[in-house]
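Here is a short briefing for a first look. Keep the sequence and the 3D view open as you read.

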Amino acid sequence: MSTSALLSAPAAPRHLRAVEDIATPPATERPVPKGLPAGTAPRGFALYVGLDELKAAADGVSLSVIVDALRRTIAELAPSAETHATVALAPVGAGGRDVDVVRLALHEPAAVARTKPEEPLDEHVPGGVTIDISRRRVHIDGETASLTFKEFELLQYLVLREGRTIERTELVSSLWSHTDGDDAPGERTIDVHVRRLRSKLGRYEDIVRTVRGIGYRFDRHADVVIRYGHGTPSPDRF
């Protein structure tokens, strides 16, 4: 991918504009984000865009036009924001999804971790609950729990967002994103999945908490061990 193309952009198309949300409270009233590691605070974000020059040209734009439009939109929304754009270069003919190639080329931690060989894991399973994300297993007091694929996905989604309350609508849109709208479960169906998951967690069912009127939250306690491994998906916040 040539960087020179970014310097000779055609006239910018219609400007990207954010839709105003009249329900958004003033900045002083906005809640502090939950579910972040202790001692950390958000300082910005990275948006990885998978798009090569040929695909951009087919859409009638170029990478430089898109970058310029995004920068101007950010400047309108948050004039104090600082931005930096960089091009992800990859060998010609590199396979895989564009966005995955971009994340790896720019050394995004989760993408880099997936390229490393798995380290041997300790096969010993202590008492309590062991949630092995990389091997997609859950052990209850040393015994393997017979979770279904969807039950494990549900538990994993909550575990990766530990301490954050997840709304039922988010669970539906995230865990059933590839399901046709007519086949996607309703919010009440999520409650059924959670009840079945809790029944299989036995005396440790309280690690999946109900937040009345909102959704569910994973709360870890002393009897819970989480094994992540290199294959752990990134808990993207956006």
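Which residue in S2 is the bridge partner of aspartate 132? The partner is arginine 137. This is a predicted model, where local features need pLDDT of at least 70, side-chain atom pairs count only at pLDDT 80 or more, and totals for chains, interfaces and linings use all residues. Residues are numbered from 1 along each chain as its sequence is written, and side-chain values use heavy atoms, with hydrogens and water left out.

**The sheet**

- An open sheet is formed by 4 strands in the order S3-S2-S1-S7, with mixed pairing.
- Strands (E, at least two residues) and helices (H or I, at least four) are DSSP runs, numbered from the N terminus.
- Two strands pair if DSSP finds at least two bridges between them.
- Strand S3 (143–144) and S7 stand at the edges with a single partner strand each, so one side of each has no neighbour in the sheet.
- S1 and S2 are antiparallel, paired over 4 bridges.
- Their hairpin has 4 residues between the strands, and arginine 136 there takes a positive phi near 55°.
- Strand S2 (residues 137–140) also pairs with S3, in the antiparallel sense, over 2 bridges.
- Histidine 139 has threonine 144 in S3 as its bridge partner.
- S1 and S7 run parallel and are joined by 4 bridges.
- Threonine 130 stands opposite valine 225 in S7.

**Side chains of S1**

- In a regular strand the side chains alternate between the two faces of the sheet.
- From strand S1 (residues 129–132), Val129 and Ile131 point one way, while Thr130 and Asp132 point the other way.
- All of them are buried, meaning under 20% relative accessible area; exposed is over 50% and partly exposed lies in between (1.4 Å probe, protein chains only).

**Salt bridges**

- The whole structure holds 12 salt bridges, each a side-chain nitrogen of Lys or Arg within 4 Å of a carboxyl oxygen of Asp or Glu.
- Arg168, Arg188 and Asp191 are linked in a network of them.
- Arginine 168 meets aspartate 191 at 2.7 Å, N to O. This pair links distant parts of the chain, with arginine 168 in helix H6 (residues 168–175) and aspartate 191 in helix H7 (residues 187–201), 23 residues apart.
- Both arginine 168 and aspartate 191 are buried.
- Arginine 188 meets aspartate 191 at 2.9 Å, N to O. These two are 3 residues apart in helix H7, so about one helical turn separates them.
- Arginine 188 is exposed at 56% relative accessibility, whereas aspartate 191 has a relative accessible area of 8%.
- Glutamate 162 forms a salt bridge with arginine 220, with the closest N and O atoms 2.8 Å apart. Glutamate 162 lies in the loop between helix H5 (149–159) and strand S4 (166–167), arginine 220 in the loop between S6 and S7, 58 residues apart.
- Glutamate 162 is partly exposed at 29% relative accessible area, and arginine 220 is partly exposed at 38%.

**Aspartate 219**

- Aspartate 219 is in the loop between strand S6 (215–218) and strand S7 (224–227).
- Contacts (heavy atoms within 4.5 Å) of aspartate 219 are Gly163, Ile207 and Arg209, not counting residues up to four places away in sequence.

**Charges over rings**

- A charge sits over a ring if NZ of Lys or CZ of Arg is within 6 Å of the ring centre and within 35 degrees of the ring normal.
- Arginine 161 has its charged end over the ring of tyrosine 157, 3.6 Å from the centre.
- Lysine 150 has its charged end over the ring of tryptophan 176, 4.8 Å from the centre.
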